[in-house]
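Subject: Structure handover

Hello,

Here is the structure for you to look over. My notes follow below it.

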Amino acid sequence: MLREAFSDLSWQTETTVVEGDLVVTFGSMSGRHTLRCLDADERSERVFTPTGRGFSVRQGHFQRIRDGLVVEHWAVRDDQGMAMQAGWIPPTPAFLVRCARDTASQTRS
């Protein structure tokens, strides 16, 4: 979903810590919002209309590894910072109208 909505999406790892079966990575994610942002099954209660704006936020990801597979994952992300940089918040009236139009067209298709 992220790769479809954001051009130039990239992740830069700054730190990785391994302790037992826990792997922690900390870094930054950046990209530019160029396509409609939908949830994983492409059916969303709300569609975020592309703004063309870029963002760069820092994140921490915690993964529990068992038999070489990730069996648990949780993250600390700056979603509000991303939304502010991408132009989602504070929303302008024009942005809200475009999102409502795109959401309506998504639910009809």
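Is W88 buried or exposed? W88 counts as buried, at 10% relative accessibility. Buried means under 20% relative accessible area, exposed means over 50%, and partly exposed lies in between, with a 1.4 Å probe and protein chains only.

Before the rest, two points on the basis. This is a predicted model, so local features need pLDDT of at least 70 and side-chain atom pairs count only at pLDDT 80 or more, while totals for chains, interfaces and linings use all residues. Residues are numbered from 1 along each chain as its sequence is written, and side-chain values use heavy atoms, with hydrogens and water left out.

Aromatic pairs

The structure holds four aromatic pairs. Rings of Phe, Tyr and Trp (its six-membered ring) pair if their centres lie within 6.5 Å; planes under 30 degrees apart are stacked, over 60 edge-to-face, the rest tilted.

One of the pairs is F6 with W88. It is tilted, at 6.3 Å centre to centre and 40° between the planes. F6 lies in strand β1 (residues 6-19) and W88 in the loop between α2 (79-86) and α3 (93-108), so the pair ties together parts 82 residues apart in sequence. Helices (H or I, at least four residues) and strands (E, at least two) are DSSP runs, numbered from the N terminus. F6 is buried, with a relative accessible area of 3%.

F48 also pairs with W88. This pair is stacked: 4.4 Å centre to centre, 25° between the planes. F48 sits in the loop between β2 (22-33) and β3 (54-66), 40 residues from W88. F48 counts as partly exposed, at 26% relative accessibility.

F6, F48, F55 and W88 make up one aromatic cluster.

Nonpolar core

The largest nonpolar core has 13 residues. Such a core is a set of buried Ala, Val, Leu, Ile, Met, Phe, Trp, Tyr and Cys residues joined through side-chain atoms within 4.5 Å. F6, L9, M29, C37, F55, M82 and W88 touch the most other members. β1, β3, α2 and α3 each give two or more residues. α2 gives the most, with three.

Around G31

G31 is in strand β2 and is buried, at 10% relative accessibility. Its C-alpha atom is 5.7 Å from that of F6, 25 residues away along the chain. Leaving aside neighbours within four places in sequence, G31 contacts (heavy atoms within 4.5 Å) S7, D8, L9, R53, G54 and F55.

Best wishes
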